[in-house]
Amino acid sequence: MANAAPHLRVVEPTDGNCNELEVRTTLWRRFSLIGENAPVEVVTFTDGPIYVTYATSEQHQVQLEREAERLRGFRGCYVLANSAINPEITFRYELNTWCNAKPGRANDSDIQLVSAAFIDVDPVRPKNISSTDDEHRAAWEVSARVREFLVGTLGDQAAIAHGSSGNGFYALVALEPFAPTKETSLRLSEFLKLLNREFGTDTVKVDATTFNPSRLMPAPGTWKRKGRNAPERPHRLTTFTCAPDVRRVPLEALC
């Protein structure tokens with residue numbers, strides 16, 4: 001890739017015989033209960049326009065995300081943490097094609113089912129720059145404590161996915177799908193605030209705003225390229241890991 005440099009870092013060791021993007025995408029789609037032909041909204045942020053597409057298969061999603069990384073000024077590629085959307089909104093754009101997002105993206109009212117709680121752990125730093133290795137490591141330490149708490153709460157790791165967002169870390173809890181309401185969003189909001197109070201630090205925060213149904217998360221296996229790629233603040237790959245057999249839990253198990 002044009003912006004590649006020796007300072008790029010991959011957080012987790014990967015199998016050299018596997019394609020990183022394909023492997024992470026397959027895992028994420030399975031965790032997220034995405035059907036073979038269900039449309040997936042993918043969003044790309046650049047230094048200029050925001051782009052959106054609806055991928056109608058895993059193969060299309062992988063190809064589109066590869067294309068996104070070649071867009072001028074590419075900064076990051078994202079998917080919905082809750083991907084069960086109203087299929088009518090896909091008629092805004094040509095399918096499997098990157099389009100300017102001016103006609104709109106999925107909002108909370110377009111999400112038909114919530115199937116995951118998204119917990120984002122990010123180091124405090126100026127906007128639109130990559131984290132340092134020390135900041136990245138500090139975020140990992142906080143996220144590890146959050147995951148330990150989740151395992152204690154849920155009994156095991158089978159309901160928990162996690163990965164690097166490129167500059168921080170995140171966790172996803174597999175929920176028994178439910179239609180979102182103001183009450184369920186409020187419950188998730190209070191849960192995230194609790195996590196930040198218990199585990200956030202002066203330098204790393206648990207984002208308390210990721211409770212809304214249409215929240216975006218990094219597309220697993222894609223690059224995060226915020227700001228200039230430098231040894232002090234390198235661009236990194238996003239990652240995703242989950243249990244072979246995912247167990248879904250009711251919202252009441254969390255909050």
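## Helix packing in a predicted model

Helix 3 and helix 4 pass each other in a right-handed crossing, here in a predicted model. Helix 3 contributes Val-142, Arg-145, Val-146, Phe-149 and Leu-150 to the contact, and helix 4 contributes Phe-191, Leu-195 and Phe-199. By class, the residues of this contact comprise 7 nonpolar, no polar and 1 charged.

The geometry of the two pairs is set out below.

| Helix pair | Residues | Angle between axes | Axis separation |
|---|---|---|---|
| Helix 1 and helix 2 | 20-31 and 58-68 | about 130° | 10 Å |
| Helix 3 and helix 4 | 133-154 and 182-199 | roughly 120° | within 10 Å |

At about 130°, helix 1 is therefore oblique to helix 2. At roughly 120°, helix 3 is likewise oblique to helix 4.

In the contact of helix 1 with helix 2, Leu-21, Glu-22, Thr-25, Thr-26, Trp-28 and Arg-29 of helix 1 meet Glu-58, Gln-61, Val-62, Glu-65 and Arg-66 of helix 2. These residues divide into 3 nonpolar, 3 polar and 5 charged.

Helix 2 also has a buried set, made up of Gln-61, Val-62, Leu-64, Glu-65 and Ala-68. Because the arc they cover around the axis is only 165°, these residues lie on the same side of helix 2. An α-helix has 3.6 residues a turn, so residues three or four places apart point the same way. The cover over the buried residues of helix 2 includes helix 1, strand 1 (40-46), strand 2 (50-55) and strand 3 (74-80).

Conventions:
Residues numbered from 1 in each chain as written. Predicted model: local features only at pLDDT ≥ 70, side-chain atom pairs only at ≥ 80, totals over all residues. Heavy atoms only, no water. Axes fitted to C-alpha atoms, helices over the stretch in contact; angles between N-to-C directions. Helix = DSSP H or I, 4+ residues; strand = E, 2+ residues; numbered from the N terminus. Parallel < 35°, antiparallel > 145°, perpendicular 65-115°, else oblique. Contact = heavy atoms within 4.5 Å. Nonpolar A, V, L, I, M, F, W, Y, C, P; charged D, E, K, R; others polar. Buried < 20%, exposed > 50% of the residue type's maximum accessible area, 1.4 Å probe, protein only. Arc of directions from axis to C-beta. Left-handed = near helix turned anticlockwise from the far one by under 90°.
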